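User: Please examine the structure shown below and answer several questions about its helices, sheets, core and ligand surroundings.

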Amino acid sequence: MSYVTKLVCSRCGEEYDPKINQVMCKHDDLGRLDILYDYELIKEKVNKRSIISRPRDTWRWAELMPAYEKYAVRLGEGGTPLIRSKRLGEKLGLKNLYLKDETRNPTGSFKDRSMAVSVAKAREKGVSVTTTASSGNAAAALAAYSANAGINTVAFVLSTASDGKVAQLKLYGASVIKVNGIESGEDPSVKMMRASVRRFGWYPSPSFGPFNPYQVEGPKAISFELAEQFEWKPFDWTLVPTGSSCLLAGIWKGVRDLTEIGLVDYYPKLVPVQPLGNSPLIRAIKSGQEFRQIEAESHPSTIAAGLSDPYPWDGDAALEGVRKTGGTGETANDREIIEAIRDLAKYEGIFAEPSGAAALAGLKRLLDAGVIDRSDRVVALVTGAGLKDIEFAKTLISQPPIIEPNERDLGAALKAEGLNI
Ligand SMILES: Cc1ncc(COP(=O)(O)O)c(C=O)c1O
Ligand SMILES: [Zn+2]
């Protein structure tokens, strides 16, 4: 059975019956159709004991998801480890640093959580073509889940998308169309996706709430898992790499779901981290702006491709989450993001892509500023794997020495590498 009671447009308040599976508001007002649940009924099914024997994927929380489990595509998303950092925490002087390792998801990023739910909904609706606008990760996730479900995908990506990400998409069988340059105000890949949805009636499945509300529900499970991993006890902060803000919106919704069904009675403070060169949401947080006052970044500039959406589509929900939890926002520049990639790899053995490492970069700033206390319990999400963009990783390293196979050359090379032998 479905526990969804209705869908309500976040802009105009129009209500929709969940049975009609509406995806976008009919008033074309860029409102997100927020999904409401019957928490009283869910409470009877979901509790600390009832979930223990369930699978550790999205459907562990089936009652809190907007699609029927029988349509699930199961590639093993979610159930990611919460790693207690020793070495990196020590370096930062932070006693309780935890890393939620989302690089372990099937296509290498947290977007698998979003698309697991969206594609389940697509199957329920009998969709034959899914479409997306993405820098790569959301598209790869959509293509993989659609492939498994036997549904075609058309992906519009920016012409700057890395070869590796495009290759991954193509191998999943997606049709990929590269779109040139970001014009000020509107991402051209989004423009093409919207045009195709209007013209061909395809199912829109980007990871932006206003174009698909179902996928927003997938990342809620990050909040559910964190609560369970902390044994339902409070922790202080969750830092989230942020672009369109959909991930943060999902995490916030997950926190609210948990309090609604009485599984926890605290809110961790939510902290989006955006790249300095594309930070409209952080500016809004710092200057007390309302969502409607936010303007798209005119020329986003960052090495973090996943955080380069010029407009925070789900910024309304993100702002609410930050304000209601007493959180804050932070930026990180490219140099700091690179340092975070190096630290995660060197101190923790986690290989992240730039977008994936941004939360850690923001954390350093907040520690230095004294906003986060060094005794706080802090979670930093690591959202995307470094293996997705090896070309970029190559730019961070020096080439290893090549030696003749003799011990004299070996000794010289080890010395040059700084190894004391
Ligand atoms: C690896 C990674 N981390 C974080 C994000 C940010 O998510 P959102 O756009 O929902 O804010 C993205 C988005 O593409 C991403 O690919
Ligand atoms: Zn509306």
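This is a predicted model: local features need pLDDT of at least 70, side-chain atom pairs count only at pLDDT 80 or more; totals for chains, interfaces and linings use all residues.

User: How far apart are the end C-alpha atoms of helix H3?
Analyst: The expected span of a helix is 1.5 Å times one less than its number of residues. Helix H3 covers residues 111–125, so its 15 residues should span 21 Å. The model agrees with this expectation, since the end C-alpha atoms of H3 are apart by 21 Å.

User: How many of the residues of H3 are buried, and what covers them?
Analyst: A residue is buried if 20 or more other C-beta atoms lie within 10 Å of its own, exposed if 12 or fewer, and partly exposed in between, with C-beta atoms placed from the backbone. By this criterion H3 is mostly covered, with 12 of its 15 residues buried; among them are Met115, Val117 and Val119. The covering elements include strand S6 (129–134), helix H4 (137–149), strand S9 (203–204) and helix H7 (220–229).

User: Why is S6 described as largely enclosed, and which strand does it join through 6 bridges?
Analyst: S6 is largely enclosed by the rest of the structure because 5 of its 6 residues are buried. Two strands pair if DSSP finds at least two bridges between them. S6 pairs in the parallel sense with S9 over 2 bridges, Thr131 standing opposite Pro204. The strand that runs parallel to S6 and is joined to it by 6 bridges is S7 (residues 152–158).

User: Which strands stand at the edges of the open sheet of 3 strands?
Analyst: The order in this antiparallel sheet is S2-S1-S3. S1 (residues 4–9) is joined to S2 over 2 bridges and to S3 over 5 bridges. Each edge strand has a single partner strand, so one side of each is left without a neighbour in the sheet. The edge strands are S2 (15–16) and S3 (33–37).

User: Which residues of the largest nonpolar core touch the most other members?
Analyst: A nonpolar core is a set of buried Ala, Val, Leu, Ile, Met, Phe, Trp, Tyr and Cys residues joined through C-beta atoms within 7 Å. In soluble globular proteins, nonpolar side chains tend to be buried together. The largest such core here has 114 residues, and those touching the most other members are Leu239, Val240, Ala357, Ala358 and Ala380.

User: Which residues come nearest to ligand 1?
Analyst: A residue is near a molecule if its C-beta atom, placed from the backbone, lies within 6 Å of it. There are 20 residues around ligand 1, and those that come nearest are Gly243, Cys246, Gly306, Thr383 and Gly384.

User: Is Tyr266 buried, partly exposed or exposed?
Analyst: Tyr266 lies in the loop between H8 and strand S11 (269–275). Because Tyr266 has 15 C-beta neighbours inside 10 Å, its class is partly exposed.

Definitions and conventions
Residues are numbered from 1 along each chain as its sequence is written. Chains are lettered from A and ligands numbered from 1 in the order in which they are written. Helices (H or I, at least four residues) and strands (E, at least two) are DSSP runs, numbered from the N terminus. Two residues are in contact if their C-beta atoms, placed from the backbone, lie within 7 Å.
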